[in-house]
Amino acid sequence: MRPLIRSASCRLRARVRAMATLPATAASTRLTPCSSNPARPPPRLPLARFLHSGPPPPPALRARALWTSAAAAAAAVEVGGVKIAREDVVKEGDPTNNVPDTIYSKIGLQLHRRDNHPLGILKNTIYEYFDKNFSGQFDKFDDLCPLVSVKQNFDDVLVPADHVSRSYNDTYYVDAQTVLRCHTSAHQAELLRDGHTHFLVTGDVYRRDSIDSTHYPCFHQMEGFRVFSPDEWSGSGMDGTAYAAADLKKTLEGLAKHLFGAVEMRWVDTYFPFTNPSFELEIYFQDDWLEVLGCGVTEQEILKDNGRTDHVAWAFGLGLERLAMVLFDIPDIRLFWSNDKRFTSQFSEGKLGVKFKPFSKFPPCYKDVSFWINEEFTENNLCEVVRGIAGDLVEEVKLIDNFTNKKGMTSHCYRIAYRSMERSLTDEEINDMQWNVREEVKNKLKVELR
């Protein structure tokens, strides 16, 4: 599943997204998960170009040291036995590349594989449910390479050619034919072709997004998939689609009870390009309706394309951070990446739902930046610039004012909240970051500061 899923309240927020001009799609040649097609089209990507254009930042960039991790500086990281070097992912000279060092630094950290981490605890709890109720049936994958082809990430799961998720504004492109996976569904077709019929795929996924307490450009998902053969539903009195839908709902209601206890649930009809019918499961938890996951009966085209003609299947997708924030009372998604012992020591293997105890009350510092936007401006591009300067010290970037003057020029004013989860920031640090943000916004986004 591609969980473009938000809570009931978040779904009401309108977000303006701009599509970048995309290169022609790859030929039908299948790429191995960590390979890149050397053939690239002519440069046609103005939104990607901003990441590597403009003069270098000032030499005294103390803020850079705050987010530059050992992983970003290392020669290579290893995922699933495959070594991935920085130059395989961050390509300053390639106009089709929009992956910054801050994103490369996340590859290989694999928080979901740490048994004492909230994400690892949640993953293992879900495993326990499937092991108990479907003993030996589901194959588990949690170490697959995050570099996938455009075909794997989009075409194989029927994402339309004009879907906004394909844009350079939303997705991290390594080159014209290779991306950092936006969802664990990118491995669905390959696993089906390899003969797997019941599987769970967990991994880190990457998406250019806004900056606030619930959004982060790298997060973690789990996908579940189950295939049924005709003899499994032939005596049920239902057709294959109805049978798979009923089994899906029964399975996921059981999972919700396993995670949250005896809670009220409801199913909401929705749309995904790769399932029909499609549903969202919501539970009534802590006096509000909480969306748990998206799911549905897999489109027949996907099954036919991967050797499963006359079969039916179901699939679900869930975000680990989203559920872990609720189960562990974690207020800010940045905390999942913290190595502070005051955070990590609070969690133990096998203990789901231990409530996080805040260890800091450091106040935020707010700084505003105003500028006249151009036709290529998008908020995601602004957030990438701010993250590149401040890293995890930026808590939120919020549009607080906009207007259009008599000449037709539009001005935006954004309020940036700086706050460390672990210490107090000095005025000098904050002023340094804000000065560099203003310079980078001007130089990279080609806007006129006010």
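## Basis of the model

Residues are numbered from 1 along each chain as its sequence is written, and side-chain values use heavy atoms, with hydrogens and water left out. Because the model is predicted, local features need pLDDT of at least 70 and side-chain atom pairs count only at pLDDT 80 or more, while totals for chains, interfaces and linings use all residues.

## Helix 6 against helix 10

Helix 6 (residues 118-133) and helix 10 (residues 240-260) have axes that come within 10 Å and cross at roughly 130°. Helices (H or I, at least four residues) and strands (E, at least two) are DSSP runs, numbered from the N terminus. Axes are lines fitted to C-alpha atoms, for helices over the stretch in contact, and angles run from 0 to 180 degrees between N-to-C directions. Helix 6 and helix 10 are therefore oblique to each other; angles under 35 degrees count as roughly parallel, over 145 as roughly antiparallel, 65 to 115 as roughly perpendicular and the rest as oblique.

On the helix 6 side, the contact (heavy atoms within 4.5 Å) is made by Leu 122, Thr 125, Ile 126, Glu 128, Tyr 129 and Phe 130. Helix 10 contributes Lys 250, Thr 251, Gly 254, Leu 255, His 258 and Leu 259.

An open sheet of 7 strands has mixed pairing and the order 3-7-8-12-11-10-9. Two strands pair if DSSP finds at least two bridges between them. Strand 3 (139-141) and strand 9 (264-272) are the edge strands, each pairing on one side only. Direction ignored, neighbouring strands of this sheet are turned by 20° against each other on average.

Within the sheet, strand 10 (residues 275-285) pairs with strand 11 (residues 288-298) in the antiparallel sense over 9 bridges, and Glu 280 has Gly 294 of strand 11 as its bridge partner. Strand 11 also pairs with strand 12, antiparallel, over 4 bridges. Strand 8 and strand 12 run antiparallel and are joined by 8 bridges. Trp 314 of strand 12 stands opposite Arg 226 and is also the bridge partner of Val 297. Helix 10 lies across strand 8 (218-228), strand 9, strand 10, strand 11 and strand 12 (312-319), and runs at about 30° to strand 12.

## Buried positions

Leu 281 is in strand 10 and is buried, with a relative accessible area of 0%. Residues touched by Leu 281, not counting those up to four places away in sequence, include Leu 252, Ala 256, Met 265, Trp 267, Leu 290 and Val 292.

Strand 13 (residues 365-372) runs antiparallel to strand 15 (residues 410-418), joined by 8 bridges, with Phe 371 opposite His 412. Strand 13 is also joined to strand 16 (residues 448-449) by 2 bridges, again antiparallel; here Trp 372 has Glu 448 as its bridge partner.

Strand 14 (residues 394-404) and strand 15 run antiparallel with 9 bridges, one partner pair being Glu 396 and Ala 417. Their hairpin has 5 residues between the strands, and Gly 408 takes a positive phi near 85°.

Terms used. Buried < 20%, exposed > 50% of the residue type's maximum accessible area, 1.4 Å probe, protein only.
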